[in-house]
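Reader: Could you walk me through this model and tell me what stands behind the terms you use?
Author: Gladly; here it is.

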4 protein chains.
Amino acid sequence: MKERDQNMEQLILETAERLFMDKGFALTSTTEIAREAGCNQALVHYYFRTKEKLFESIFERKAQLMLSAILKMDDPSQPFEERLRNLVENHFDIMVKNPKLPFLFLNELLTNPKRLEIMTQKFRTIPMTVMERFTDDLQKEIDKGRIRDVTPISILLTVLSLNLTPFIIKPIFQQMTNVSDELFDVMIEERKHENIRILMRSLVP
Amino acid sequence: MKERDQNMEQLILETAERLFMDKGFALTSTTEIAREAGCNQALVHYYFRTKEKLFESIFERKAQLMLSAILKMDDPSQPFEERLRNLVENHFDIMVKNPKLPFLFLNELLTNPKRLEIMTQKFRTIPMTVMERFTDDLQKEIDKGRIRDVTPISILLTVLSLNLTPFIIKPIFQQMTNVSDELFDVMIEERKHENIRILMRSLVP
Amino acid sequence: MKERDQNMEQLILETAERLFMDKGFALTSTTEIAREAGCNQALVHYYFRTKEKLFESIFERKAQLMLSAILKMDDPSQPFEERLRNLVENHFDIMVKNPKLPFLFLNELLTNPKRLEIMTQKFRTIPMTVMERFTDDLQKEIDKGRIRDVTPISILLTVLSLNLTPFIIKPIFQQMTNVSDELFDVMIEERKHENIRILMRSLVP
Amino acid sequence: MKERDQNMEQLILETAERLFMDKGFALTSTTEIAREAGCNQALVHYYFRTKEKLFESIFERKAQLMLSAILKMDDPSQPFEERLRNLVENHFDIMVKNPKLPFLFLNELLTNPKRLEIMTQKFRTIPMTVMERFTDDLQKEIDKGRIRDVTPISILLTVLSLNLTPFIIKPIFQQMTNVSDELFDVMIEERKHENIRILMRSLVP
DNA sequence: TATGAATGAGTCTTCATTCAT
DNA sequence: TATGAATGAAGACTCATTCAT
């Protein structure tokens, strides 16, 4: 009993994470979380007070994870081109490990203005230096004639577009093509290199 | 009075469309639709039976619109490269006119399995010949050495990724950068050509 | 059916009034109101949106009733002593007609700070002139040596104390003494004159 | 640790008393009591079984305190008029020390019929002799023509009315007049003598 | 003595839907 | 065609209480 007891809070958290990932905040009810976790609905509120707080604790952890992953992936000792390659690859790998995260982020940020504002503040304060250095280094490459004249935001948008979309539309793609999870994983791995290739080609002067 | 009466069904439809676009199916209530349309709540159900049916009639019309737009954009008389260029550009232009559609589609298809299944059946039956001809023509270009060896699905995924993402993340981007609607429209127009450029460069052998 | 239908909103209101009077806002549940009114709980919210709004609509009406009764009871054409006599008597008579009102007011104003503030604003704005005239007239009587030197607030407090308390403690008194409703009514009528007597005697110089 | 432990029961009791006084039985939750006492929520129930029992133990103690204070205040060796004066003054002084008690008593007795019944039984048994002696002595004074013909209950009601009301409406009065606590205390002290005066004047033949 | 975990019952509220008119 | 009334089901949340430890 003790093991179950000690696990219950964790179990609720995991169940909630799974359901929030699948259906988003609005479509997941605390009743359902409780049912799937095998406990009373009141217990969900006992541990997390409100559905909102429960969600935020999950959301924030995921945001932190993703943010730190992005921040630490940048290694200034390498040549710029190599760093870009790594950026795409590492970002893509994070998506591989958290395939449902992109949709969750999109869904909640687009659906709930309050959440968008909070997330914005979080993102705006932290990675400014990273962004500035990236901008500087890019400008140097452009000046040297090694990269086409392009804004940093444009590059980031390209990376985001190429890397996020496969994961976001995965369920739709699978439903439409009957591709198995295994085959999809193979295709995804290929896609990673394709994305690197597309980005690199897009930058040659 | 009669004009209002005849218009009411249409007005409800338009109001519902706007609200569904803004907040999705789940977060839009029939009460709200009725209130914004300026009619009785029961009238919404009188015309459309259920919220689900009301949504489907809108969703289907939008899907049809988008599908037909995509289908008719392909003109076999032009050279393949030109056709691709047109594909990206036309698809992008449709997004410009319906900027909220991508997220609505994503959201509802990913959120509601039933909806995904229905939509799949609709998409699977119709455009097979188009897809097959595209595949054939692409293969010919590859054989002629004019295009790198790449699957048609890969190309479509690239187009989708590049074209959908700017519109989907628009609100997030604007919140984070304080970019005005006008400036964003300018950036979007530039992005269209950037996307064409990226795709074309990605296909050179 | 139609009669019941048209009466339902009214019936809910009356039931709510009765229950709020008996047990106050907090101890009355919308479920109970619905049960006693013989309707679905949702209907209570259909007509009044929230429990709070339902209560306020009752509370405000009662406050208005009491306020207007107090305001219009003052007739400057009569001699001051006569007016005081009337004040006590009329105020007492209002209590006779709404015996549970004093407790409801006390309970909600003391229990809910928000309500107290709203009520304060309502009372502060309206009867200022009445209060000022009362103060003036009292001062004249004092100057003429017809009334002991006493503040208007002191007089009002005496009136309130004497007039409200019998009604507030009525249930306690009846439980303790087994006095019937009929006998109590007789005692109440006597008490009215007693209160007038006590006030008048308290004012002689 | 032991001291804290031994104090805990007392601390809970004191915290509960304070909260019950402030907000009454219904609006005070055991969760809140525990939080403010700085202990586990279960501990409240460990010591007092139920919220009801906890309240009753407080309520009863307060009732006892007030009752005994009233009983012992009566000194038959003094002249009747002096005793009455003392009655009002002492009762008023008890209120000064427990200003929130009147409303708590009223609220709980009027709100909870069970509580009213229990309290009634308690009050009925004990002070009968006191009441009877008071009645006798009063009658003698009336017979001697020193006091107007008046029932003992009428006198008690007058005392209660005059003495309780200022304390009960204190928060309302302060909100409406912005009178500070200090000034209110001064006014209260004056009111005590005013009440004695009013009662005495009301009794002259 | 003390507590963390757990629960059943109840709170207010919203919603899609139905039905008589 | 249109609507006011009504409802069942579900939502999030709170609370007093119990129990094993």
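Reader: What makes residues of H4(D) count as buried?
Author: Buried means under 20% relative accessible area, with exposed over 50% and partly exposed in between (1.4 Å probe, protein chains only). Among the residues of H4(D) that are buried are D:Leu54, D:Phe55, D:Ile58, D:Phe59, D:Met66 and D:Leu67. Please note that this is a predicted model, where local features need pLDDT of at least 70, side-chain atom pairs count only at pLDDT 80 or more, and totals for chains, interfaces and linings use all residues. Residues are numbered from 1 along each chain as its sequence is written, chains are lettered from A and ligands numbered from 1 in the order in which they are written, and side-chain values use heavy atoms, leaving out hydrogens and water.

Reader: Why is the span of helix H4 of chain D said to agree?
Author: Helices are DSSP runs (H or I, at least four residues), numbered from the N terminus. The expected span is 1.5 Å times one less than the number of residues. For the 22 residues of H4 (residues 51–72) of chain D that should give 32 Å, and the end C-alpha atoms are 32 Å apart, so the two agree.

Reader: What tells you that chain B and chain C do not touch?
Author: Contact means heavy atoms within 4.5 Å. Chain B and chain C have none, and their nearest C-alpha atoms are 12 Å apart. Likewise, no contact joins chain A and chain D, with closest C-alpha atoms 12 Å apart.

Key:
Helices (H or I, at least four residues) and strands (E, at least two) are DSSP runs, numbered from the N terminus.
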